[in-house]
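Trainee: I would like a close look at one part of this model. Please take me through its surroundings in one go.

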Amino acid sequence: MNLIFLGPPGAGKGTVAAELKKTSGLDHLSTGDMLREEMKNETELGKIAKEYIESGKLVPDDLIIDMVKNRLENADAGIMFDGFPRTVAQAEALDKIAHIDAVINLTTTIDVIIERIGGRRICRNCGKVYNVSWYHKDTCEDCGGELYTRADDTEETIRTRYDEYLKKTAPLIDYYRVKGIVHDIDANGDIQTKVDAISDIIKG
Ligand SMILES: [Zn+2]
């Protein structure tokens, strides 16, 4: 059983995947983590990837696919892909080495993302994260530190990231939609509702 998670930044893909990992036994593969691990362990593929990254180049698809191939051989129950594929070319390459059973498309609206990310306030002193929707003071309740908004959490940058995501991912969603394996899940429900819905898809 192999799943792909799609959804804009702020839709909570990582949180849902982490919960499902506990109950489904599926491996959670985040491409960023995979690259970091391969480089840290100084595997042959990791060394090649490092050269690309250090010279400021993108790691080529072939290399990522080889890493994914290794992970697939060691994931008996299957994999939940998070952050990969990002393009139709990558999806086609992935189809050659793995059978994808389902694509979980976490849907939400720009307004919800702006509220979730744009409302985030972080304590300058201890790093505790608040949201203006439920916390109305300017200082941290734990340490009294000043609360601030991260520079890339402004409404404008959130809108830009969201538009880029939709533009880039739309062809990918269409690619899987014609195969009939896309499941749209409302990202705005509570975590247990989402986990239950996806568990039902995994069980078939
Ligand atoms: Zn604090």
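Trainee: Which residue in S3 is the bridge partner of Leu3?

Mentor: Met80 in S3 is the bridge partner of Leu3. The model is predicted: local features need pLDDT of at least 70, side-chain atom pairs 80 or more, while totals for chains, interfaces and linings use all residues. Numbering starts from 1 along each chain as its sequence is written.

Start with the strands (DSSP E runs of at least two residues; helices are H or I runs of at least four). S3 covers 79-82. S1 and S3 run parallel, joined by three bridges; pairing takes at least two DSSP bridges.

Now widen the view. The five strands form an open sheet in the order S2-S3-S1-S4-S8, with parallel pairing. S2 and S8 (182-186) are at the edges, each with a single partner strand, so one side of each lacks a neighbour in the sheet.

Next, the faces of S3. In a regular strand, side chains alternate between the two faces of the sheet. Ile79 and Phe81 lie on one side of S3, Met80 and Asp82 on the other, and all are buried (20 or more other C-beta atoms within 10 Å).

Back to Met80. Beyond four places in sequence, Met80 touches residues including Phe5, Ala17, Leu20 and Leu26 (C-beta atoms within 7 Å). Met80 also belongs to the largest nonpolar core, which has 30 residues (buried nonpolar residues joined through C-beta atoms within 7 Å). Phe5, Met80, Phe81 and Ile104 have the most contacts inside this core. Elements giving two or more residues include S3, H1 (13-24) and H7 (155-177). S1 gives the most, with four residues.

Methods:
A residue is buried if 20 or more other C-beta atoms lie within 10 Å of its own, exposed if 12 or fewer, and partly exposed in between; C-beta atoms are placed from the backbone. Two residues are in contact if their C-beta atoms, placed from the backbone, lie within 7 Å.
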